[in-house]
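Please look over the sequence and the structure shown below before turning to the notes.

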Amino acid sequence: MQKHILSVCTIFTLVMLLASCGAQRKSSVGSTGSSFGNDGPSAREWRNGLKGKWVLNSVDREDIPAAYTIKNIFDEAPVDCFIGSVWTLPGGNYQGSIAFNASGTLCADGAVRNMVWSVYDIPNDNLHPQFQFKKIYSGEKARNVTTGYRLDLSYSDGQSLVMRMPIPLDNGTGNLVFNFSRVQD
């Protein structure tokens, strides 16, 4: 009986020792709202908060001169073609889509682009998590696609979402600010 108790205590001690040696996790200020910084939600909290359908309401220019022309984004279409698009970000296998709803000369109204998405985060890098995705065309496998895109996750309160796309300029960097709202099913 003593050997059994000693074995249980030894196993418990080893489990506690291994658990205490695990990686440190970021502290969070809640799972819904955040702004830049290390005290924001973890990548896992962001992933859970992003799941669902989002409509892109507007794209604002931040620190980008008015004369600076942005021909297209995500190697796809002009910024205006993305306004009104619905981004479906399901959980599980993280295979989502962008459905376009804008009409115009260079827009593909009704087109749907499949994607694989995730939240990119390197622990202890003093940067905030980023939304990343790869467009997947018919017949392609995600593991074979080497081109993708990243947006800085800026803010979410569960009903609205703000992501920033850095734009390199001649003298510094500006941002395209993507403003989403959650689509209620």
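The term pLDDT denotes the predictor's confidence in each residue, on a scale from 0 to 100. The structure is a predicted model. Its protein chain has a mean pLDDT of 80, and 76% of the residues reach 70 or more. Over residues 12-38, however, the pLDDT is below 50, although this stretch has 33 contacts in the model beyond near neighbours in sequence.

**The nonpolar core**

- The largest nonpolar core comprises 37 residues.
- Within this core, the residues with the most contacts are F74, W87, F131, L176 and F178.
- Strand β7, which spans residues 160-169, gives the most to the core, contributing 5 residues.
- Apart from neighbours within four places in sequence, F178 touches a series of residues, including L56, V59, I73, F74, L151, L161 and M165.

**Aromatic rings**

- The model holds 13 aromatic pairs.
- One of these joins F74 and Y149 in an edge-to-face arrangement, with 5.4 Å from centre to centre and 75 degrees between the planes.
- This pair links distant parts of the chain, since F74 lies in the loop between β1 and α3 whereas Y149 belongs to strand β6 (residues 149-156), 75 residues apart.
- Both F74 and Y149 are buried.
- Ring pairs also connect a cluster, among whose members are F74, W87, F131, Y149 and F178.
- At Y120, the charged end of R150 sits over the ring, 3.4 Å from the ring centre.

**Helix α2**

- In helix α2, which covers residues 43-50, A43, W46 and L50 are buried.
- These residues lie on the same side of α2 because they cover an arc of only 60 degrees around the axis.
- In general, an α-helix has 3.6 residues a turn, so residues three or four places apart point the same way.
- The buried residues of α2 pack against strands β1, β2 (86-89), β4 (112-120), β5 (130-136), β6 and β7.
- Just after α2, G52 adopts a positive phi of about 130 degrees.

**An exposed loop residue**

- K71 is placed in the loop between β1 (52-62) and α3 (79-82).
- Is K71 buried or exposed? K71 counts as exposed because its relative accessibility is 70%, and the cut-off for that class is over 50%.
- Leaving aside neighbours within four places in sequence, K71 is in contact with A77 and P78.

Terms used. Residues numbered from 1 in each chain as written. Predicted model: local features only at pLDDT ≥ 70, side-chain atom pairs only at ≥ 80, totals over all residues. Heavy atoms only, no water. Helix = DSSP H or I, 4+ residues; strand = E, 2+ residues; numbered from the N terminus. Buried < 20%, exposed > 50% of the residue type's maximum accessible area, 1.4 Å probe, protein only. Contact = heavy atoms within 4.5 Å. Core = buried A, V, L, I, M, F, W, Y, C linked by side-chain atoms within 4.5 Å. Phe/Tyr/Trp six-rings, centres within 6.5 Å; stacked < 30°, edge-to-face > 60°. Lys NZ or Arg CZ within 6 Å of the ring centre and 35° of its normal. Arc of directions from axis to C-beta.
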